[in-house]
Amino acid sequence: MNDRIVPPLTRDGRNTGAAPVTYGHGERPPRGDYARARPDYTCSQDWAAYSRADHALYARLYARQIGQLKDRASDAFVASLAALDAAQTIPHLDEVSEKLYRATRWQLVAVPGLIPEEAFFNLLAERKFPVTEWLRREDEFDYVVEPDIFHDFFGHVPLLFDPVFADYMQAYGLGGRKATSLTSCEYLARLYWYTVEFGLIQSDRGLRIYGAGILSSATETRYSLVDPAPHRVAFDLERIMRSRYRIDAFQETYFVIDSFEQLFEATAPDFAPLYERLRDLPEIPANALLPGERTYSPNPLA
Ligand code: HBI
Ligand code: FE
């Protein structure tokens with residue numbers, strides 16, 4: 001996922017409806033019809049516009065991925081995904097949103113694709129999860145650069161049914177709303193990356209995955225748990241915020257939590273003093289291990 005590609009925005013982060021532009025290391029305009037989006041970047045999901053081929057591609061993505069998850073995905077994820085009954089066709093976001101609201105008071109909203117950080121934080125702070133409306137193309141079956149509806153739905157939505165994880169996501173959005181500078185946004189992006197997208201959780205049967213970036217990947221599911229190469233480091237908020245990450249390859253470091261409570265509690269204090277401290281500390285390369293750091297062994301090959 002590439003968070004450097006964003007559509008143009010006014011200073012308050014609202015949609016201008018203008019043609020998307022790119023900056024940073026994004027080389028392409030983001031996909032999706034931003035002109036149709038509301039000022040908060042949400043749009044209505046045009047479910048009738050999906051073709052039979054889209055639904056078939058989605059079903060194949062789902063089937064491949066579900067086959068990857070046994071003894072790998074966190075229990076909470078597996079249970080919620082099964083209850084969603086979303087294996088056959090691209091889901092109606094409104095229908096799932098109603099179920100989700102009854103469970104944890106979260107809602108799903110459709111968006112044209114990546115949206116500016118400020119709009120993203122605002123939605124999370126209101127317990128609204130933005131789901132990209134478009135599906136990848138056939139030639140992107142194995143890898144898609146930007147998040148699509150398969151990644152957003154399959155990877156992210158199940159855990160929003162977990163009450164503690166749901167509260168963590170809102171706390172993250174509220175933290176983002178308060179982040180005032182570009183540097184604090186970068187610290188928050190790292191936190192999101194290493195938890196919501198690429199997080200591992202310890203269970204009594206070994207490591208399990210809760211990060212959506214891994215759960216929606218055909219190959220990183222296995223790699224993240226059993227490959228000897230990457231570091232698996234105990235969750236530490238300050239360590240994460242100092243750590244660079246890779247967007248173009250498997251992660252070189254994963255962070256392991258004990259519980260979603262641990263995540264939620266880490267986001268409870270005001271981040272301002274932490275940001276102050278971080279400004280004087282060097283960044284940590286994505287592949288580094290610090291002296292004395294507590295690490296986890298990979299799961300045995302199964
Ligand atoms: N927009 N639709 C969408 N999905 C994301 O995951 C997303 C985004 N905009 C910004 C963003 N993520 C990142 O900056 C997060 O790291 C905060
Ligand atoms: Fe994601």
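Visitor: Starting with Arg-279, what does this residue count as, and at what relative accessibility?
Guide: Arg-279 counts as partly exposed, at 39% relative accessibility. Buried means under 20% relative accessible area, exposed over 50%, and partly exposed in between (1.4 Å probe, protein chains only).

Visitor: What sort of model is this, and how are things numbered?
Guide: The model is predicted, so local features need pLDDT of at least 70 and side-chain atom pairs pLDDT 80 or more, while totals for chains, interfaces and linings use all residues. Residues are numbered from 1 along each chain as its sequence is written, chains are lettered from A and ligands numbered from 1 in the order written, and side-chain values use heavy atoms, without hydrogens or water.

Visitor: Back to Arg-279. Which side chain meets it in a salt bridge?
Guide: Glu-276, with 3.7 Å from N to O. A salt bridge here is a side-chain nitrogen of Lys or Arg within 4 Å of a carboxyl oxygen of Asp or Glu. Both residues lie in helix 12 (residues 272-279), three residues apart, about one turn of the helix. Helices (H or I, at least four residues) and strands (E, at least two) are DSSP runs, numbered from the N terminus.

Visitor: How many salt bridges does the whole structure have?
Guide: A search finds 22.

Visitor: Which residue forms one with Glu-133?
Guide: Arg-36, and the closest N and O atoms are 3.0 Å apart. Glu-133 sits in the loop between strand 2 and helix 5, and Arg-36 in the segment before helix 1 (52-66), so the bridge ties together parts 97 residues apart in sequence.

Visitor: How accessible are the two ends?
Guide: Glu-133 counts as buried, at 11% relative accessibility, whereas Arg-36 counts as partly exposed, at 38%.

Visitor: What about Glu-252, which residue does it bridge to?
Guide: Glu-252 pairs with Arg-246, with 3.7 Å between the closest N and O atoms. Glu-252 is partly exposed at 27%, and Arg-246 is partly exposed at 28%.

Visitor: Which residues are linked in a network of salt bridges?
Guide: Arg-31, Arg-137, Asp-139 and Glu-140.

Visitor: New topic, the metal. What coordinates the iron ion (ligand 2)?
Guide: The donors are His-151 (NE2), His-156 (NE2) and two OE atoms of Glu-197, at 2.0 to 2.8 Å. Donors are N, O and S atoms within 2.8 Å of the metal (3.2 Å for Na, K and Ca); water is not among the atoms, so sites may look incomplete.

Visitor: Where is Arg-127 found?
Guide: In the loop between helix 4 (117-125) and strand 2 (128-132). Arg-127 counts as buried, at 15% relative accessibility. Leaving out residues up to four places away in sequence, Arg-127 touches several residues, among them Trp-106 and Asp-167. Contact means heavy atoms within 4.5 Å.

Visitor: And Lys-99, what is it in contact with beyond its sequence neighbours?
Guide: Ala-83, Leu-84 and Phe-161, leaving aside neighbours within four places in sequence. Lys-99 lies in helix 3 (residues 93-104) and is partly exposed at 36%.
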